[in-house]
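Good morning. Please have the sequence and the picture open while I talk, and stop me if you lose your place.

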Amino acid sequence: MTGRQDTRARIVTAAAELLSEGGRGAVTTRAVSQAAGVQPPAIYRQFGDMDGLLDAVAAAGFGDYLARKQAQEPSGDPVADLRSGWDLHVAFGLDNPAFYSLMYGRTHPRGGGEAAAEAWRILVGMVTRVAEAGRLTLDVEGAAAMIHSAAVGVTLTLIDTAPERRDPGLSGRMRDLVVDGVTDAGAARDGGRVGSGDRAAARHAVALGAVLDTAAAPLTPGERMFLRELLDRLARAE
């Protein structure tokens, strides 16, 4: 590691520790420079401004979260994996509230970079496996966006609630509502009685769309494009 890289790493580590211990308000130029053993101008040379430093800290937080996501092995049930992924996401936020709020609480976060993009790809991959199993009732991107938005909202709500006032069942109830809403799990839980046939065509359309690009079907590019358009329309049908 070069001297510049070492200085940058020490500053990010110092800022991350201050954030964990005292929240966003504890991350000041003076506090970071003292904790990192550098002069204040070094922070601005490395990161431009304090927002740039916070972006780097957020990226480090995403890296930790990403390591947890990558360590999660898929099981034989892709819908159960979605639930496990949700639980991991919420647990990370509650274990690291200051990091999580920095990562997801800002209106236009610039932090995260490739680690954040990879975390999104992991979620899309999990949802794609549900689609390939014929159990997804929405298109992959739409279902992933719903799951991500709901999980972030629940986690921030729990973080903003005093621990003694938190509803311990909130996350699980919201998780099941969302997962049941984008998969066939809700109908299966009700013995197939509630709307069991309403979304059958959509589930099959999503499943075929998930494997269309790799299917060895004798279709021209134009035919594949036309078929994908039809499948997308079926997947979005109410």
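Tyr104 counts as buried, because its relative accessibility is 15% and the cut-off for buried is under 20%. Keep in mind throughout that this is a predicted model.

Which ring does Tyr104 pair with? The partner is Phe62: the two ring centres are 5.5 Å apart and the planes stand at 70 degrees, so the pair is edge-to-face. Phe62 sits in helix H4, residues 50–70, while Tyr104 belongs to helix H6, residues 97–104.

The next pair is Tyr65 with Phe92. Their ring centres lie 5.2 Å apart and their planes make 45 degrees, so this pair is tilted. Tyr65 is in helix H4 and Phe92 is in helix H5, residues 78–95, so parts 27 residues apart in sequence are tied together.

In the whole structure, the search finds three aromatic pairs. There is also one aromatic cluster made up of Phe62, Tyr100 and Tyr104.

Now to the charged side chains. Side chains of opposite charge can pair when their charged atoms come close. How many salt bridges does the structure hold? It holds 10, and I will go through some of them.

Start with Arg10 and Asp6, whose side chains meet in a salt bridge at 3.2 Å, N to O. Both are in helix H1, residues 3–22, and because they are four residues apart, about one helical turn separates them. Arg10 counts as partly exposed at 32% relative accessibility, and Asp6 counts as partly exposed at 33%.

Arg68 and Asp95 form another salt bridge, at 3.9 Å, N to O. Arg68 is in helix H4 and Asp95 is in helix H5, so this pair ties together parts 27 residues apart in sequence. Arg68 is partly exposed, at 30% relative accessibility, whereas Asp95 is exposed, with a relative accessible area of 55%.

Then look at Arg175 and Asp176, where the side chains meet in a salt bridge at 3.1 Å, N to O. Arg175 counts as buried at 16% relative accessibility, and Asp176 counts as buried at 18%. These two also belong to a network of salt bridges that links Arg83, Asp87, Arg175, Asp176 and Asp180.

One more arginine, Arg129, is found in helix H7, residues 113–132. At 36% relative accessibility, Arg129 counts as partly exposed. What does Arg129 touch, leaving out residues up to four places away in sequence? The answer is Pro74 and Pro78. Arg129 and Val79 are 50 residues apart in sequence, and their C-alpha atoms are 8.6 Å apart in space.

Last, helix H8, residues 140–159. H8 has 20 residues and reaches 28 Å from its first C-alpha to its last, which is close to the 28 Å expected at 1.5 Å a residue. Which residues of H8 are buried? Among them are Val140, Ala143, Ala144, Ile147, Ala150 and Ala151. Further along H8, the buried residues include Val152, Val154, Thr155, Leu158 and Ile159.

That is the end of my part.

Definitions and conventions:
Residues are numbered from 1 along each chain as its sequence is written. This is a predicted model: local features need pLDDT of at least 70, side-chain atom pairs count only at pLDDT 80 or more; totals for chains, interfaces and linings use all residues. Side-chain values use heavy atoms; hydrogens and water are left out. Rings of Phe, Tyr and Trp (its six-membered ring) pair if their centres lie within 6.5 Å; planes under 30 degrees apart count as stacked, over 60 as edge-to-face and the rest as tilted. Helices (H or I, at least four residues) and strands (E, at least two) are DSSP runs, numbered from the N terminus. Buried means under 20% relative accessible area, exposed over 50%, partly exposed in between (1.4 Å probe, protein chains only). Contact means heavy atoms within 4.5 Å. The expected span of a helix is 1.5 Å times one less than its number of residues. A salt bridge is a side-chain nitrogen of Lys or Arg within 4 Å of a carboxyl oxygen of Asp or Glu.
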